[in-house]
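Please examine the sequence and the structure shown below.

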Amino acid sequence: MASWNTFVEGDNLDVLRRLAAEGREFDLVYIDPPYNTGNDFAYRDDVRGPDGRRRSRHDAWVAMMRPRLEAARAVMSRAGAIWVSIDDNEAAYLRLLLDEVFGEECFLAQIVVNLNPKGRQLGGGFATSHEYLLVYAKDARACALDATSADHVDERDFPLTTVDGRRYRHLPLRNTNKKFNPVTAPTLHFALWGDPATGAVRAEPFGDGGVEVWPVFGDGTPAVWRWSRPRIEQRPDDLVCRVVKGRLGERVDVFQRDWLHPGTRRKKLRTIWPAEEIGSTDTAVAELKALVGHVFESPKPTGLLRRILATMPDDARVLDFFAGSGTTGHAVALANAADGGRRTCLSVNRPEPTRRGSNAHVAGLATVADITRARLRAVAAAVGGGLEELTMDASRSVEPVPSPGARHG
Ligand SMILES: C[S@@+](CC[C@H](N)C(=O)[O-])C[C@H]1O[C@@H](n2cnc3c(N)ncnc32)[C@H](O)[C@@H]1O
């Protein structure tokens, strides 16, 4: 059985190209690249434009990221998705770059992640407490990403009850998104008939009490329904007619009865992820400290990665090519141990020297790759799933590390 975790030491561009040459595929790519904050990005002075002049710090960062994102796209499966952590330094440039590499139509979300609830206290200005996750599909139509959470919906959001005890809530049948209107969706603009006294709704006129109801926005402009006519004809009992008070006074409208289905219903993931739900940088430091010590300054919490993993099938092939302290591999092992999944994770980090005098250096971890390995070894020992250790050799192939480094579990 394949190890849950594999670590490759090397520059990620070399590794990605090698993986592509070997025909390897991944379903979920998570990366947390250097944010270009001024002290985390080693490429800045190397990049010059065609005129020989040094380019802006954004150009240099984009020039570093572009080939890596292109190479990442090349190793993604058709159903795959990529998640990229970023902060305000490069968020705007990264969004445009991802639009270019993956296509705007493959944009899935820009999520606000609150990793520092107290807010950054150093320096002037705002106490920034959030960063972002940019999410793109390789192919939006084939993407396996399910943007719901296994956490069940909050029953309190379903305040209504039928006489036989079933919980539900009312959702407007009208599409509230102005992008959908009689011009863009003409087949969904039609009249229904409803009786606000009994709540009955039909696609055709009926009885004495039925009044004609057209979909309209709050300002009275024409709107469209969310359901097609055949669906309404099939499920009239899931609709209810009511009188509502709007900006223009009272009117008759149609609502969907949205049923709770206790125990099975999944909750849609919101695009703001609070630290109470996914952990913070402080929790992440504590998680790392418990396994190998306080040897890395900016790890991500495993809770963040576990929520990302939960959007993909439980046998997803995961890739993190800016692995740092190895949080993604750790989260994969935790997720497999928790749900019996068969996810695998390939982590890549180059042997970037640790700062002399830093905790990592003092602990004998001379490079960041040593930190990644140390954590993933500790994860294999504590959680299970093993660890395969590889390195890029001079001929640019990915080679197993000679024992005693290689470990299988
Ligand atoms: C922000 S850290 C990632 C932190 C990680 N998410 C965690 O939770 O620990 C970025 C990492 O990318 C690595 N890195 C930067 N450029 C790289 C490259 N070209 N190839 C491989 N690793 C690289 C750095 O050594 C650093 O460890």
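## Basis of the description

Helices (H or I, at least four residues) and strands (E, at least two) are DSSP runs, numbered from the N terminus. This is a predicted model, in which local features need pLDDT of at least 70 and side-chain atom pairs count only at pLDDT 80 or more, while totals for chains, interfaces and linings use all residues. Residues are numbered from 1 along each chain as its sequence is written.

## The chain as a whole

The protein chain contains 10 helices and 19 strands. Its C-alpha trace spans about 85 × 55 × 45 Å along the principal axes. A residue is called buried if 20 or more other C-beta atoms lie within 10 Å of its own, exposed if 12 or fewer do, and partly exposed in between, with C-beta atoms placed from the backbone. Of the 409 residues of the protein chain, 36% count as buried.

Two residues are in contact if their C-beta atoms, placed from the backbone, lie within 7 Å. Among contacts between residues at least 6 apart in sequence, 69% join residues at least 24 apart.

## Helices H2 and H3

Two packed helices are described by the angle between their axes and the distance between the axes. Here axes are lines fitted to C-alpha atoms, for helices over the stretch in contact, and angles run from 0 to 180 degrees between N-to-C directions. Helix H2 (residues 57-74) packs against helix H3 (residues 91-102) at an angle of about 35 degrees, and their axes are 10 Å apart. The crossing of H2 and H3 is right-handed; a crossing has this hand if the near helix is turned clockwise from the far one by less than a right angle, and is left-handed if anticlockwise.

On the H2 side, the contact is formed by His58, Trp61, Val62, Met65, Arg66, Leu69, Glu70 and Arg73, which meet Tyr93, Leu97, Leu98, Val101 and Phe102 of H3. These residues divide into nine nonpolar, one polar and three charged. In this scheme Ala, Val, Leu, Ile, Met, Phe, Trp, Tyr, Cys and Pro count as nonpolar, Asp, Glu, Lys and Arg as charged, and the others, Gly among them, as polar.

## Alanine 81 in strand S3

Alanine 81 belongs to strand S3 (residues 76-86). This residue is buried, because 29 other C-beta atoms lie within 10 Å. Not counting residues up to four places away in sequence, alanine 81 touches Leu28, Leu108, Val135, Tyr136, Ala137, Cys143 and Leu145.

## Helices H7 and H8

Helix H7 (residues 302-309) and helix H8 (residues 327-339) pack at about 60 degrees, with their axes 9 Å apart. Their crossing is right-handed. H7 contributes Thr302, Leu305, Arg306 and Leu309 to the contact, and H8 contributes Thr327, Thr328, His330, Ala331, Val332, Leu334 and Ala335. Six of these residues are nonpolar, four polar and one charged.

Is H8 enclosed or open? Because 10 of its 13 residues are buried, H8 is largely enclosed by the rest of the structure. The buried residues include Gly329, Ala333 and Asn336. Just after H8, glycine 340 takes a positive phi of about 75 degrees.

## The surroundings of the ligand

Which residues come nearest to the ligand? Of the 17 residues around the ligand, these are Asp32, Phe322, Gly324, Ser325 and Thr327; a residue is near if its C-beta atom, placed from the backbone, lies within 6 Å of the molecule. The shell divides into six nonpolar, six polar and five charged residues.

Proline 353 is found in the loop between strand S17 (344-349) and helix H9 (359-362). This proline counts as partly exposed because it has 13 C-beta neighbours inside 10 Å. Leaving aside neighbours within four places in sequence, proline 353 is in contact with Ala366 and Thr367.

Valine 368 lies in helix H10 (residues 368-382) and counts as buried, with 23 C-beta neighbours inside 10 Å. Its contacts beyond four places in sequence are Gly324, Asn349, Glu352 and Thr354. H10 is mostly covered, as 12 of its 15 residues are buried. The cover of these buried residues includes strand S1 (5-9), helix H6 (281-291), H8, S17, H9 and strand S18 (387-392). Just after H10, glycine 384 takes a positive phi of about 110 degrees.
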